[in-house]
Amino acid sequence: VSNNLSRRDFLKLVGLFSGNIALPPFLRIPPSSLLTQAGKKNVLIVVFDALSAYNVSLYGYGRETTPNINRLAERAIIYHNNFAACSWTVPSTASLMTGVLPWTHRAFNVNQPVIDYLVTKSVFHAFRDYYRIAYSHNPLVYTFLDQFQKDLDDYIPVQQLFITFDELTQTIFRNDDDISSVSWQRIIKKALNGGYSYSLFLSGFLNISRAEQLAKWKDSFPRGLPNIRADNFFVLEQAIDYLGVQVKQSPKPFFAYFHFMPPHEPYKTHRDFVDYFKNDGFQSVEKPRDIPFAGGGKITSKYLYKMRREYDEYILYADREFGRFFKNLEDSGVLEDTWLILTSDHGELFERGILGHNTSALYQPVIRIPLMIFEPGRTRRMDIRIPTSTVDLLPTLLHVTGGQPANWSEGTVLPPFADTPVDTNRNIYAIEARNNGQRDPLTNATVVLVKGHMKLTYYIGDEQLGTRQERVELYDIEADPEELNNLNTDKPKLGWELLNELKAKLAEVNAPYL
Ligand SMILES: [Zn+2]
């Protein structure tokens, strides 16, 4: 089925369906506004889950993890000091989608939607004149896609791009604070009852049985197929191919959000990259382990080194597939009219005895994330080094597409697109508060303030710190990017000043919840 149907053809087609049969989303009649918007550029956001800027060679990592991204960067605007809003999926993705920080949207933990008024402030609502498509491999993101569903024209259910998914309903996310069985059940139920008619129009790969697919892909993934917990398998190739077709066929202009699981753990890279970095002599930086709160500092350096290597090898897979996606979009001409964004939701830690991102320790590798903007027609690279935030994306995209300003956003229009110079010393924040009540003032949290090249990390609350109520770390992230030298002891005055500024900000954001 082509999307190049005229409106008359759409109406004819619709006549073939009786009123109570749901149309698959790409056969819905596009609003007439869509048909009169020729000239408007599409927007496509690609998120690779848990892709740390620290481990990306474009950003200076010692391993060549991203050859494709490096090559494509010659045509991109590259943000070198871009910060996630949090260290894990839920709060960070909510910030990307609403343009506000966790202390404002209040999605601190799984199954916590953003507060009500933001439903009509999401990026999908902001682009309501566009044909809006969303997909995420990561089920946690569906808390928000559910919430913003009225603003989605093509809501692709999570299991659409999984090879196996029915096993999921039974188990699997139990006892895991990163994945919620409750939200999962809700998603499956919605997909089964909600009138999705995709099965009629599946591309080839889903028409063969799951057993055949698993057999077909098995040899390509010696460490096991990519998955979310146990036996829920997917391959990135299929998602890339499927979504490439979706955007080509979609009514224009489209606004698309695609959130891919790799390189999120478990690190199941493609055969071509297994042991790619083995015995390469890479040396990781040994860092202090004096993590004061639960779960910190316990994992051996040897194990961290091994997991880092497997993660780096998984990044190679994500990088290759991004390269293929890019080429596909370019060859089909879609890219000429599309703002393409490459970013992540948070990073990953392999240091200080900490593995992964289920941590309140907001060191750089877990909150500094890639951001690249591919501007239609741009052929030259531009490097932006001032600190930026994931909440800047929404106002920036609205600005470059001629939309209404996002007055509610805590972000700003990024250079080089801002009409006035961006304050290089403006405050950038990250907030981790999963142990905090959703409607309570922040009393159990980690809050980061980045100002210029200084970074203050403020750990609050006895859940994290036991009897110690506060911990403050201060780093010069330009002179000491590995955060080895805590200046809070050497330069306490500077620490106090930044801490007072942060406390004043906390008083402001806590006020509605006191
Ligand atoms: Zn994530």
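M97 has contacts (heavy atoms within 4.5 Å) with K121, S122, V123, F124, V141, F144, L145, F148, Y257 and L394, leaving aside neighbours within four places in sequence. This is a predicted model, in which local features need pLDDT of at least 70, side-chain atom pairs count only at pLDDT 80 or more, and totals for chains, interfaces and linings use all residues. Residues are numbered from 1 along each chain as its sequence is written, and side-chain values use heavy atoms, with hydrogens and water left out.

**Overall make-up**

- The chain has 15 helices and 14 strands. These are DSSP runs, numbered from the N terminus: helices are H or I with at least four residues, strands E with at least two.
- Of the 514 residues in the chain, 60% are buried. Buried means under 20% relative accessible area, exposed over 50%, and partly exposed in between (1.4 Å probe, protein chains only).
- Take the contacts in the chain between residues at least 6 apart in sequence: 72% of them join residues at least 24 apart.

**Nonpolar cores**

- The largest nonpolar core holds 107 residues. Such a core is a set of buried Ala, Val, Leu, Ile, Met, Phe, Trp, Tyr and Cys residues joined through side-chain atoms within 4.5 Å.
- I45, M97, F124, F258, F322 and M372 have the most contacts inside this core.
- Helix α11 (residues 301-331) gives the most to the core, with eleven residues.
- A second, separate core has 24 residues, including V391, V472, L487 and L498.

**Packing of α10 on α11**

- Helix α10 (residues 236-249) packs with α11 at an angle of about 20 degrees, and their axes are 10 Å apart. Axes are lines fitted to C-alpha atoms, for helices over the stretch in contact, and angles run from 0 to 180 degrees between N-to-C directions.
- That angle makes α10 roughly parallel to α11 (the class for angles under 35 degrees; over 145 is roughly antiparallel, 65 to 115 roughly perpendicular and the rest oblique).
- From α10, the contact uses L236, E237, I240, D241, L243, G244, V247 and K248.
- From α11, it uses Y317, A318, R320, E321, R324, F325, N328 and L329.
- By class, the contact has eight nonpolar, two polar and six charged residues. Ala, Val, Leu, Ile, Met, Phe, Trp, Tyr, Cys and Pro count as nonpolar, Asp, Glu, Lys and Arg as charged, and the others, Gly among them, as polar.

**Covered helices**

- In α4 (89-98), ten of ten residues are buried.
- Helix α13 (residues 393-400) has six of its eight residues buried. They are L393, L394, P395, T396, L397 and L398.
- These α13 residues pack against β1 (42-48), α4, α6 (123-126), β6 (338-343), β9 (371-374) and β10 (382-389).

**P102**

- P102 lies in helix α5 (residues 102-105). It is buried, with a relative accessible area of 1%.
- Its C-alpha atom is separated by 6.9 Å from that of A85, 17 residues apart along the chain.

**Backbone features in loops**

- K252 to P253 is a cis peptide bond, with omega near -5 degrees. P253 is in the loop between α10 and β5 (254-260).
- P262 and P263 are also joined by a cis peptide bond, with omega about 5 degrees.
- D275, not a glycine, has a positive phi of about 65 degrees. D275 is partly exposed, at 35% relative accessible area.
- N279 has phi near 55 degrees, again positive in a residue other than glycine. N279 is exposed, at 73%.
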